[in-house]
Amino acid sequence: MIAPIPKNYKGLISITGPTKSGKSQLAEFLISEQDPVTYIATSKPRPNDPEWQKRIDVHRKRRPDIWSTIEHPKDICKEIESIEGNESILIDSLGGLVEHHLVEDDNQWNNFQIKFLNFLSEDNLCIVVVSEEVGWGIVPATPIGHLFRERHSTLTSLISRQSKKRWLAINGTAIDLDKFGELIQ
């Protein structure tokens, strides 16, 4: 039986899964006992994409009113740094974050990635990171699609390696990867 994270938990938790797998709902449930919570929504609105807007609205409606929300921050590291030590953070999701950094060259991306991973490694916060499993799908036909998949997959893997807890959501089912998996060395 899955239970929410105990109050005052400190450490990084990663949740991955494909589209509409329940990963965001799992993250929201796991962090539900924490107080206070800051929810960082990384994806930008797309006014010309009604389906996307509908998905964003579903996520907004599910969030408790007592949670603080930061939507598509320009500098996520600065936002994390400004959060109090007793606060928990839910980052949903890495896809929007990677999208913000696609215009950067490899050097800029690597510098950001290192800085972001350092902020996630702080053991004085409870941080839950939701990430899409983009490497399970089709091979991107465009250079920008390939760049997105490679950066996203690498960042997801690096976050998973430094997480204290790892979850996989598939078809509304949560799998505790720490119980059933081993890290590949």
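## Glu99 and Arg46

Glu99 is partly exposed, with a relative accessible area of 37%; the term covers values between buried (under 20%) and exposed (over 50%), using a 1.4 Å probe and protein chains only. Arg46 is also partly exposed, at 31%. The side chains of Glu99 and Arg46 meet in a salt bridge with an N to O distance of 3.7 Å. A salt bridge here is a side-chain nitrogen of Lys or Arg within 4 Å of a carboxyl oxygen of Asp or Glu. This pair links distant parts of the chain, 53 residues apart: Arg46 lies in the loop between β2 (37-41) and α2, and Glu99 in helix α4 (residues 94-100). Helices (H or I, at least four residues) and strands (E, at least two) are DSSP runs numbered from the N terminus.

## Basis of the model

The model is predicted: local features need pLDDT of at least 70 and side-chain atom pairs count only at pLDDT 80 or more, while totals for chains, interfaces and linings use all residues. Residues are numbered from 1 along each chain as its sequence is written, and side-chain values use heavy atoms, with hydrogens and water left out.

Glu28 forms a salt bridge with Arg62, with the closest N and O atoms 2.7 Å apart. Glu28 sits in helix α1 (residues 23-30) and Arg62 in helix α2 (residues 50-62), 34 residues apart. Glu28 is buried at 9%, whereas Arg62 is partly exposed at 30%.

Asp106 pairs with Arg151 in a salt bridge at 3.1 Å. Asp106 belongs to helix α5 (residues 106-120) and Arg151 to helix α6 (residues 143-162). Arg151 is buried, at 4%.

The whole structure has 11 salt bridges.
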